[in-house]
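Open the model in your viewer and keep the selection tool ready. This tour goes from stop to stop.

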Amino acid sequence: MQFHHHGYVSGDPRIQPAAGVGLNRPADLPGEVDVLIVGTGPAGMLAAAQLSQFPGITTRIVERRAGRLVIGQADGIQARSVETFQAFGFAERIIAEAYRITEMAFWKPDPADHSRIVRAARAVDDEMGISEFPHLIVNQARVLDYFAEYMADAPTRMKPDYGYEFRSLEVGEGDYPVTVTLAHAVGPNEGEERVVRAKYVVGADGARSKVRAAIGCTMAGDEAHHAWGVMDVLAVTDFPDIRTKCAIQSGAGGSILLIPREGGHLFRMYVDLGEVDPANKGAVRSTTIEQIIAHANAILRPYSLDVRNVAWHSVYEVAHRLTDRFDDVLPDQRGERTPRVFITGDACHTHSAKAGQGMNVSLQDGFNLGWKLGHVLEGRSPASLLATYSAERQVVAKNLIDFDKVWSTMMAKKPEEFENPSELEDFYVRTAEFPAGFMTQYTPSLITAEATHQHLAAGFPIGKRFKSAPVVRVCDANPIHLGHHATADGRWRIYVFADPAAAGAPSPTTDLAGWLATSAESPLDATPSGADRDAWFDVKVIYQQDHTSVDIGTVPEVFKPYVGPFKLRDYEKVYATDPKADIFELRGLHRDGVVVVVRPDQYVANVLPLSATAELAAFFAPLLPSRKPV
């Protein structure tokens, strides 16, 4: 973590100096904003947190509630989300307080007595080593707290504006074309309306989204007509795996998905309530907590559950729904205008909770959209960049719903309905990469290249997230994970995996470094005058030698830029291979060297030979503003 480059810091280094709109941030919601986010759920808060790093952009996030969320319904944190938390600086802290899932137990009817259940199998949670980050369980409210803290400590000093309810919007013309009508939802002015004009609006207002309705989007899908009771409880039980994630199937019919919660005592149970009569849905929705507990005890036989405290409970039916678009541009308008209003998270996709994907996919919606809004509003990229949000995220949501239909259907099956007794656990292991959040692969677009040179970096598939690996930082011999230094600062990453030559010796790596530093075609040339050389592009080099064989004094200047008002040299962009885990071997990198371009949201955008400067320039040309006069 770097923090002295603007002067000595004696306090908490996570609190960044206020800048731009954060210097005189008005306490009250202003009448004009660059971005108005409606809803403080996961997608909205992550988008706001990302935009809080753009000091010149006025972003406000409004919420109907009077204050922070107290009890969140989502609790599963997949490894991809923890990877994202690392970029926002709080992965270690949330891991420390969370419950960590290391394996899953599968309980089934005892073959000798179907009225009893027995443990039939165990499955390691990440048997294939998909990620170095763990699978966690933690209250959604705490996730939102961490993002709120990050926003408050960011240069813009952003805080949610609580107590505002969205009423309507209209998209017109002008500098602030979206006119939004809000109303005070609490307090002495409750019901009183006020108008805010915005350049862009993000609807992160949940499954009953009013923003979605305002732009004419509708949810389409189906219901499984199967109900589940869910409860977070403290209980005394003789069930031996109460602190292990479990899929439990009983012979009497009915299933439980058991999720231990953080804190050592609390756990969540999704309890199968059976089929729902479409003509009388009210009956199942009126199921009491006592009835849910009774169902759980019937499924758990011969074990029992003595519930002492209920933190939260609900009854829901499985439904899978998706909107046809994630922004306000109608199909016949594509290419004619760029979007002004977006929807994220549950506002555009809903599904069951049992795959643990709701919050996780929503977080990636916010990450995808946040940096794009920042780049467009700051003038780094054209408005056409915003069209990629709906195009990319709708496909991801569709894939999630398809997966969840299979998983939720399997969870609702009776044991005798499976062709193979181990079908459920086999599916859990076989599809582990999907629920972990790593199956997303964006197709070629303005910001994702064709896989022309993919063979040079087989372990960094274009369109998929950049899978980190160990390296050694040359300046201080510290072993680190390369991807862990990619913070959520809105910058593109250019990783230069060097050829075998020594640092500074005549080589393709040295030639590329010279081009990056001096060519008018280099993407770095678009960096605004007066800004740090790495303000828009974080360029790093990874040498094939061990750190003792890399003379940092001979490393090209572009990998050691001067930063901050004192123009201090940054030595932390130069790496060597870790002899215990060679990144070139781990990620299938060609020994002749390769350039890997990574988007601000951590997805691989391009893979190129070291000599492909023209292709690198061509990739970034449509994403950057007009160049400075040469």
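Which side chains meet in a salt bridge at 2.5 Å, N to O? Select Asp 538 and Lys 573: these are the two. A salt bridge here is a side-chain nitrogen of Lys or Arg within 4 Å of a carboxyl oxygen of Asp or Glu.

Before moving on, note that this is a predicted model, in which local features need pLDDT of at least 70 and side-chain atom pairs count only at pLDDT 80 or more, while totals for chains, interfaces and linings use all residues. Residues are numbered from 1 along each chain as its sequence is written, and side-chain values use heavy atoms, with hydrogens and water left out.

**Stop 1: salt bridges**

Stay on the pair. Asp 538 is in strand β22 (residues 537–543) and Lys 573 in the loop between β24 (568–569) and β25 (574–577), so the bridge ties together parts 35 residues apart in sequence. Helices (H or I, at least four residues) and strands (E, at least two) are DSSP runs, numbered from the N terminus. Both Asp 538 and Lys 573 are buried. Buried means under 20% relative accessible area, exposed over 50%, and partly exposed in between (1.4 Å probe, protein chains only).

Next, select Arg 64 and Glu 165. Their closest N and O atoms are 3.6 Å apart, and they form a salt bridge. This pair links distant parts of the chain: Arg 64 is in the loop between β2 (59–63) and β3 (76–77), Glu 165 in strand β9 (residues 164–171), 101 residues apart. Glu 165 is buried, at 16% relative accessible area.

Stay on β9 and pick Arg 167. Its side chain meets that of Glu 193 in a salt bridge (2.9 Å, N to O). Glu 193 belongs to strand β11 (residues 193–203), so the pair connects parts 26 residues apart in sequence. Glu 193 is partly exposed at 48% relative accessibility; Arg 167 is partly exposed at 36%.

**Stop 2: helix α1 on helix α4**

Select residues 42–51 (α1) and 140–152 (α4). Their axes come within 9 Å and cross at roughly 20 degrees. Axes are lines fitted to C-alpha atoms, for helices over the stretch in contact, and angles run from 0 to 180 degrees between N-to-C directions. α1 is therefore roughly parallel to α4. Angles under 35 degrees count as roughly parallel, over 145 as roughly antiparallel, 65 to 115 as roughly perpendicular and the rest as oblique.

Show the side chains. Pro 42, Met 45, Leu 46, Ala 48 and Ala 49 of α1 meet residues of α4, including Leu 144, Phe 147 and Met 151. Contact means heavy atoms within 4.5 Å.

**Stop 3: helix α2 on helix α8**

Go to α2 (residues 79–87) and α8 (residues 358–378). Here the axes are 9 Å apart and the angle is about 40 degrees. The two helices are therefore oblique to each other. Arg 80, Ser 81, Thr 84 and Phe 85 of α2 contact Asn 360, Leu 363, Gln 364 and Phe 367 of α8.

**Stop 4: backbone details**

Select Arg 301 and Pro 302. The peptide bond between them is cis, with omega near 15 degrees. Pro 302 sits in the loop between α7 (289–300) and β16 (305–323).

Finish at Gln 602. This residue is not a glycine, yet has a positive phi of about 80 degrees. Gln 602 lies in the loop between β26 (594–598) and β27 (604–608), and is buried at 8% relative accessibility.
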